[in-house]
Amino acid sequence: MRTFLMTALCSASLLTAGQHMNVAICNLGGVSESVIAGAKAETELVYSSAGVQIVWQDCDAFPSPSEQARDPWFIVRLRTDKPPLTVGPASLDVMGKAFVEEHGGYMADAYFQAIQATSERHRGDSGVLLGFVMAHELGHLLLGAGHTPDGVMQSAWGQKQMDALRQRWLRFTAESAGRIRGALESRTAQSAGGK
């Protein structure tokens, strides 16, 4: 009981003391609003477990460079064209791409056609999978390139991962969650220092 109480208290303090990130979804391919709403809910769930609140922004209201410097935004473009086929079909690289620079990045693509195909192949929900692809690519924008053996930042997803998606078990590892909060804190500090 004591362990459960300590875990609950630590989780609550993470959520109240956590970081926030502004994310705009730019729907370039006409993905339905109901699918996007489901994907946003899944992305929020993954990030809230890491102590990060997502603040959804309107893609049409992108901030000016000075506003972006004060409070950075991240953009996910939803595309329905075919992704560049540089890896196998089980790789998340075929479903999304983060444009990562030396110190992270601000923009990623999610390829809905590939997400739908993977979802159908594993009898999953394309909105749920889209949410996890967005969480994964946003993770790259904060963590940089590279993958983990488990958690949201895995490089290849199969039936095991799709089953975990259905159960809402996939989360960032504790190390990745800490690094994400640190990256957001660092960007906020850099922005505050640049005022």
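Two strands count as paired if DSSP finds at least two bridges between them. Helices (H or I, at least four residues) and strands (E, at least two) are DSSP runs, numbered from the N terminus. The views below come from a predicted model, in which local features need pLDDT of at least 70 and side-chain atom pairs count only at pLDDT 80 or more, while totals for chains, interfaces and linings use all residues. Residues are numbered from 1 along each chain as its sequence is written, and side-chain values use heavy atoms, with hydrogens and water left out.

**View 1. Confidence along the chain.**
The mean pLDDT (the predictor's confidence in each residue, from 0 to 100) is 83 for the chain, and 82% of the residues score at least 70. Over residues 1–16, pLDDT stays under 50, and the model has four contacts beyond four places in sequence for this stretch; contact here means heavy atoms within 4.5 Å. Where pLDDT is low, the predicted coordinates should not be read in detail.

**View 2. The five-stranded sheet.**
Look for the strand order E2-E1-E3-E5-E4 in this open sheet of mixed pairing. Strand E2 (52–57) and strand E4 (96–101) are the edges, each pairing on one side only. On average, neighbouring strands of the sheet are turned by 25° against each other, direction ignored; axes are lines fitted to C-alpha atoms, for helices over the stretch in contact, and angles run from 0 to 180 degrees between N-to-C directions. Strands of a sheet pair through backbone hydrogen bonds, either parallel or antiparallel.

E3 continues the parallel pairing to E5 through five bridges, with Arg77 opposite Asp109 in E5. Which of these strands are enclosed? E1 is largely enclosed by the rest of the structure because seven of its nine residues are buried, and E3 is likewise largely enclosed, because five of its seven residues are buried. Buried means under 20% relative accessible area, exposed over 50%, and partly exposed in between (1.4 Å probe, protein chains only).

**View 3. The hairpin of E4 and E5.**
Two residues lie between E4 and E5 in this hairpin. Five bridges join E4 to strand E5 (residues 104–111), and the two run antiparallel. Along the pair, Gly96 has Ala110 as its bridge partner in E5, while Lys97 has Asp109.

**View 4. Helices lying across the sheet.**
Helix H2 (residues 33–48) lies across strand E1 (19–27), E2 and strand E3 (73–79), and runs at about 155° to E2. Together, E1, H2 and E2 make a right-handed β-α-β unit; a crossover is right-handed if, with the strands pointing away from the viewer, the path from the first strand over the helix to the second runs clockwise. Helix H5 (residues 126–143) lies across E1, E2, E3, E4 and E5, running at about 155° to E5.

Leu130 touches Val35, Ala39, Leu78, Ala110, Phe112 and Ile115, not counting residues up to four places away in sequence.

His140 is found in helix H5. Is His140 buried or exposed? His140 is buried, with a relative accessible area of 6%. Leaving aside residues up to four places away in sequence, His140 touches Ala98, Val100, Ala145, Gly146, His147 and Met153.

**View 5. Gly151 in its loop.**
Gly151 has its place in the loop between H5 and helix H6 (159–166), and is buried, with a relative accessible area of 10%. Although Gly151 and Arg171 are 20 residues apart in sequence, they are 5.3 Å apart in space, C-alpha to C-alpha. Gly151 touches Leu170, Arg171 and Thr173, not counting residues up to four places away in sequence.
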